[in-house]
Protein chains: 2
Amino acid sequence: MTRLFRPNVVCMAGYVPGEQPRGGGFIKLNTNENPYPPSPKVLSAIVEAVTDRLRLYPDPMTTAFREAAASLHGIDPSMILAGNGSDDVLTIITRAFVGPGDPAAYATPSYLLYKTLIQLQDGRAVVVPYSADWTLDLSALKVPGLRLVYIANPDSPSGTAMTRNRIVEILQAVDCPVLVDEAYGDFADPGCHSIPLLKDHPNLMVSRTFSKGYSLAGIRLGYLAASSEIIDQLVKVKDSYNCDALSQAAGVAALGDQPYLAETRSKVIATRTRLALALRALGYEVPESHSNFVWATAGPPAREVFARLKERRILVRLMSYPGYPEGLRVSIGTDEEIDHFLETLREII
Amino acid sequence: MTRLFRPNVVCMAGYVPGEQPRGGGFIKLNTNENPYPPSPKVLSAIVEAVTDRLRLYPDPMTTAFREAAASLHGIDPSMILAGNGSDDVLTIITRAFVGPGDPAAYATPSYLLYKTLIQLQDGRAVVVPYSADWTLDLSALKVPGLRLVYIANPDSPSGTAMTRNRIVEILQAVDCPVLVDEAYGDFADPGCHSIPLLKDHPNLMVSRTFSKGYSLAGIRLGYLAASSEIIDQLVKVKDSYNCDALSQAAGVAALGDQPYLAETRSKVIATRTRLALALRALGYEVPESHSNFVWATAGPPAREVFARLKERRILVRLMSYPGYPEGLRVSIGTDEEIDHFLETLREII
């Protein structure tokens with residue numbers, strides 16, 4: 001039957017998510033989950049929504065959630081689109097803008113899913129490399145007929161963030177929509193956030209997720225902020241009921257508990273600072289992170305260290321990008337987890 | 001910015017889901033939700049899963065769910081793919097098989113989403129009309145290069161079901177994959193179910209949902225049964241984490257409580273029989289339903305009756321298909337709801 005699939009689907013490798021071990025006993029520092037639990041108010045809101053009403057379809061337009069997100073960002077609810085995780089948002093956007101043969105650009109090293117999404121549309125991937133100082137050469141975006149640009153800000157695996165002025169330069173350099181993926185935005189300096197740019201830049205789209213800052217990777221919720229003209233078209237592309245009733249309730253509660261977010265963010269940032277210093281002291285190069293992970297290169301062979309850590313039941317992410325040194329992306333765990341990771345690393349290297 | 005969208009997206013109307021009124025006080029007989037609550041065991045399983053573990057990503061391959069579904073159907077877990085509702089399954093399939101200009105066929109009148117999904121891929125819709133006795137003229141499927149066929153069985157809005165032998169005739173009439181959408185399969189005679197055909201028909205795919213029989217439209221869960229070769233390719237197309245942790249827990253619990261499903265199914269079928277007889281007595285034509293709704297045509301002008309029912313806070317679905325009489329699709333409610341609907345209808349007409 002594979003002869004009947006679209007050739008681009010058969011030929012592609014598919015995105016491989018970070019390992020999710022089913023057995024316990026691992027210290028998971030490999031998929032940038034938040035080490036702290038979700039807000040108790042969020043867990044209560046979910047439990048309250050587990051009623052007989054689950055027999056009904058959820059609100060297809062996630063009205064209450066859009067109002068809450070719009071209020072947080074000071075924009076109109078018509079400028080918000082909710083997704084089944086921000087991956088769903090990225091999928092919807094790619095399907096809306098990129099057709100077969102259409103060029104779409106993404107920075108590298110960055111989130112590997114962008115390439116997969118372009119391949120699924122049979123589009124043409126345009127790669128914009130980061131330089132050694134983690135800036136982008138915008139001349140690489142001068143591609144005729146470019147349909148879409150993906151920029152993760154902060155980026156993964158580097159953890160680095162571009163200032164809002166740098167984002168404006170990208171928006172002005174192209175004649176197409178630019179998706180700024182702020183999955184890690186909750187851990188960044190607010191001066192890097194792009195939603196305030198929406199009022200002056202109609203080609204900007206900004207995605208957010210509840211998987212990182214809000215500790216809710218398990219419920220699948222993300223959203224896009226963009227002009228209402230863009231959102232209106234994207235609504236036609238999304239599945240009608242892409243967000244379930246429980247994630248909608250969780251999202252409203254999570255947005256409503258900003259003090260909890262601020263508290264876990266502070267803890268993560270403090271641990272991140274300590275981890276980066278410790279890794280640099282061990283000889284690693286670690287760029288300044290604005291995320292909930294750090295990117296360690298130039299130390300002992302990453303592949304070997306990765307394997308030895310895994311033997312000791314510590315999972316980090318080994319990442320390879322052509323033209324860049326292989327490295328280890330280490331998610332920020334609790335202080336205890338990071339202490340154990342550092343002790344084990346010192347034994348290994 | 002709309003000039004930058006794919007032209008097929010800008011030109012299409014988009015799927016319009018049935019109305020989900022946010023205020024209360026409506027009798028909802030318009031979106032084929034189950035009038036009975038989910039199994040208490042399912043609600044307990046969801047609540048038990050609302051823990052700090054929601055900070056973690058869910059199992060991307062929904063391993064426990066696949067095992068439970070495979071066991072129920074007596075097939076291998078590698079033959080199951082879970083989706084964020086069966087709409088997600090339909091989206092994944094369409095993206096995998098249908099590219100721009102590719103012909104894809106669906107029966108009509110049927111689920112309007114099939115056409116939307118083909119439009120989103122910029123494919124070419126091939127319409128296969130039902131005849132007056134709700135059978136399909138298979139010669140309409142003789143289209144060169146046909147990539148995919150969608151058949152809802154039982155169908156909506158007719159509620160009618162084809163026997164397994166009729167499905168075999170379709171599978172043999174084409175040289176492409178056939179998706180048999182069994183969203184309403186839980187209310188049908190098991191002799192209509194197609195999963196037993198998988199072992200002999202590699203071009204068959206069968207989708208199921210938890211939104212109807214299992215009363216779980218709010219959690220978004222569906223699945224596909226197909227050959228493992230087909231599933232392996234579809235995994236590349238789906239979002240990595242398309243099913244959240246709570247719906248996975250709910251799905252396993254729901255599949256494990258077959259006595260509850262049997263009980264609600266019996267109640268729905270008894271009410272369905274009574275409603276069809278009452279509507280026929282009022283002069284409507286109502287085909288034999290194998291679903292949780294009935295399709296009423298040939299009575300007083302459907303549009304007017306629909307509006308008057310809505311004034312009285314009863315929502316049914318008014319449906320129009322070119323070449324077919326306009327009709328009302330009435331979901332099976334509780335006995336009290338259907339009594340109230342029938343009383344109100346008698347006053348109106």
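Predicted model: local features only at pLDDT ≥ 70, side-chain atom pairs only at ≥ 80, totals over all residues.
1. Domains of chain A. As for labels, residues are numbered from 1 along each chain as its sequence is written, while chains are lettered from A and ligands numbered from 1 in the order in which they are written.

2. Where the domains touch. In chain A, 32 residues of domain 1 are in contact with 29 residues of domain 2, contact being C-beta atoms, placed from the backbone, within 7 Å. On the domain 1 side, the elements that give two or more residues are α1 (7–11), α9 (258–281), β9 (293–296) and β12 (327–331) of chain A. Helices here are DSSP runs of H or I with at least four residues, strands are runs of E with at least two, and both are numbered from the N terminus. α9(A) gives the most to that side, with 7 residues. By class, the domain 1 side has 17 nonpolar, 11 polar and 4 charged residues. For that count, Ala, Val, Leu, Ile, Met, Phe, Trp, Tyr, Cys and Pro are nonpolar, Asp, Glu, Lys and Arg are charged, and the others, Gly among them, are polar.

3. The chain–chain interface. Chain B puts 70 residues into the contact and chain A puts in 70 residues. On the chain B side, the elements giving two or more residues are α1 (7–11), α2 (40–49), α4 (86–97), α7 (228–237) and α8 (245–255). That side of chain B has 35 nonpolar, 18 polar and 17 charged residues. The copies meet through the same surface, because 100% of the interface residues of chain B are also interface residues in chain A.

4. The core. The largest nonpolar core has 208 residues, and Leu216(A), Ala250(A), Leu216(B) and Ala250(B) have the most contacts inside it. A core here is a set of buried Ala, Val, Leu, Ile, Met, Phe, Trp, Tyr and Cys residues joined through C-beta atoms within 7 Å. Buried takes 20 or more other C-beta atoms within 10 Å of the residue's own, exposed takes 12 or fewer, and partly exposed is in between, with C-beta atoms placed from the backbone. Leaving aside neighbours within four places in sequence, Ala250(A) is in contact with Val42(A), Ala45(A), Ile46(A), Leu216(A), Ile219(A) and Leu221(A).

5. Strand β5(A). In β5 (residues 148–152) of chain A, 5 of the 5 residues are buried, so the strand is largely enclosed by the rest of the structure. Leu148(A), Tyr150(A) and Ala152(A) cover one side, with Val149(A) and Ile151(A) on the other. β5(A) pairs in the parallel sense with β3 (residues 103–108) over 3 bridges, and also in the parallel sense with β6 (residues 178–181) over 4 bridges; pairing needs at least two DSSP bridges. Ala105(A) stands opposite Val149(A), and Ala152(A) has Asp181(A) as its bridge partner in β6(A).

6. Strand β11(B). Here too, 5 of the 5 residues of β11 (residues 327–331) of chain B are buried. β9 (residues 293–296) of chain B pairs with β11(B) in the antiparallel sense over 4 bridges, and Val294(B) stands opposite Val330(B). β10 (residues 314–319) of chain B runs antiparallel to β11(B), joined by 3 bridges, and Met319(B) faces Gly327(B) across that pair.

7. Backbone spots to look at. The Thr108(A) to Pro109(A) peptide bond is cis, with omega near 0°, and Pro109(A) sits in the loop between β3 and α5 (113–120) of chain A. Ser215(A) has a phi near 60°, positive in a residue other than glycine. Ser215(A) counts as buried, with 25 C-beta neighbours inside 10 Å. Trp134(B) also has a positive phi of about 60° without being a glycine, but Trp134(B) is partly exposed, with 17 other C-beta atoms within 10 Å.

Conventions:
Contact = placed C-beta atoms within 7 Å.
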